[in-house]
Amino acid sequence: MDNLTKFQKFLLTSMYKEVISRQPALPMESANYFHDSDEIRDLFSPESSSDYIADICWKLNEKGYISCYPGDDLANDIKLTDETIIYMENKFKNGLKDVINFLSKFIP
């Protein structure tokens with residue numbers, strides 16, 4: 001994640017937090033699914049514009065952190081890649097506790 005901006009790291013980690021928060025109520029395939037970049041915006045950065053979050057999603061897609069598909073000027077069918085999940089599992093050994101601690105560093 002050294003090739004990401006602070007906001008990209010925040011958004012990606014927030015997505016991972018949401019995925020692990022959805023489990024075990026949902027199977028991994030369902031937990032690791034976001035309808036589109038507007039859903040990402042609404043969940044994690046409502047003050048940002050739709051275009052900005054879509055652009056961030058495309059950059060994360062290009063770097064292999066997420067997968068998504070184009071349509072209606074949005075990133076659609078967004079999922080964290082297996083490589084991202086593996087990285088996050090190794091980075092946050094204590095799970096949700098470590099993720100929340102990491103994300104707290106981004107709150108002004």
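## Strand pairing

In strand β3, Asn76 is the bridge partner of Tyr69. The model is predicted: local features need pLDDT of at least 70 and side-chain atom pairs count only at pLDDT 80 or more, while totals for chains, interfaces and linings use all residues. Residues are numbered from 1 along each chain as its sequence is written, and side-chain values use heavy atoms, with hydrogens and water left out.

Strand β2 and strand β3 (residues 74–80) are paired in the antiparallel sense over 5 bridges; two strands count as paired if DSSP finds at least two bridges between them. In general, strands of a sheet pair through backbone hydrogen bonds, either parallel or antiparallel.

## The sheet and its helices

The open sheet is built from 3 strands in the order β1-β3-β2, with antiparallel pairing. Because β1 (34–36) and β2 (66–71) stand at the edges with a single partner strand each, one side of each is left without a neighbour in the sheet. On average, neighbouring strands of this sheet are turned by 20 degrees against each other, direction ignored.

Two helices lie across the strands. Helix α3 (residues 37–44) lies across β1 and β3 and runs at about 115 degrees to β1. Helix α4 (residues 50–62) lies across β2 and β3, running at about 130 degrees to β2. Axes are lines fitted to C-alpha atoms, for helices over the stretch in contact, and the angles run from 0 to 180 degrees between N-to-C directions.

## Nonpolar core

The largest nonpolar core has 28 residues, of which Leu12, Met15, Ile40, Ile66, Ile78 and Leu80 touch the most other members. At least two residues of this core come from each of α1 (6–22), α3, α4, β2, β3, α5 (82–91) and α6 (96–104). Helix α1 supplies the largest share, 6 residues. Such a core is a set of buried Ala, Val, Leu, Ile, Met, Phe, Trp, Tyr and Cys residues joined through side-chain atoms within 4.5 Å.

Leaving aside neighbours within four places in sequence, Met15 is in contact (heavy atoms within 4.5 Å) with Phe34, Ile40, Phe44, Ile66, Ile78 and Leu80.

## Gln8 in helix α1

Gln8 is located in helix α1. This residue, Gln8, is buried, with a relative accessible area of 3%; buried means under 20% relative accessible area, exposed over 50%, and partly exposed in between, with a 1.4 Å probe and protein chains only. Not counting residues up to four places away in sequence, Gln8 touches Asn3, Ile56, Lys59, Leu60 and Lys63.

## Salt bridges

The structure holds 5 salt bridges, each defined as a side-chain nitrogen of Lys or Arg within 4 Å of a carboxyl oxygen of Asp or Glu. One of them joins the side chains of Arg22 and Glu39 at 3.5 Å, N to O. Arg22 lies in helix α1 and Glu39 in helix α3, so the pair ties together parts that are 17 residues apart in sequence. Arg22 is buried, at 14% relative accessible area, whereas Glu39 is partly exposed, at 24%. Glu18, Arg22 and Glu39 are linked in a network of salt bridges.

Arg41 is buried, with a relative accessible area of 17%. Its salt bridge with Asp38 has the closest N and O atoms 3.3 Å apart. Asp38 and Arg41 are 3 residues apart in helix α3 and are therefore separated by about one helical turn. Asp42 also forms a salt bridge with Arg41, with the closest N and O atoms 2.9 Å apart.

Methods
Helices (H or I, at least four residues) and strands (E, at least two) are DSSP runs, numbered from the N terminus.
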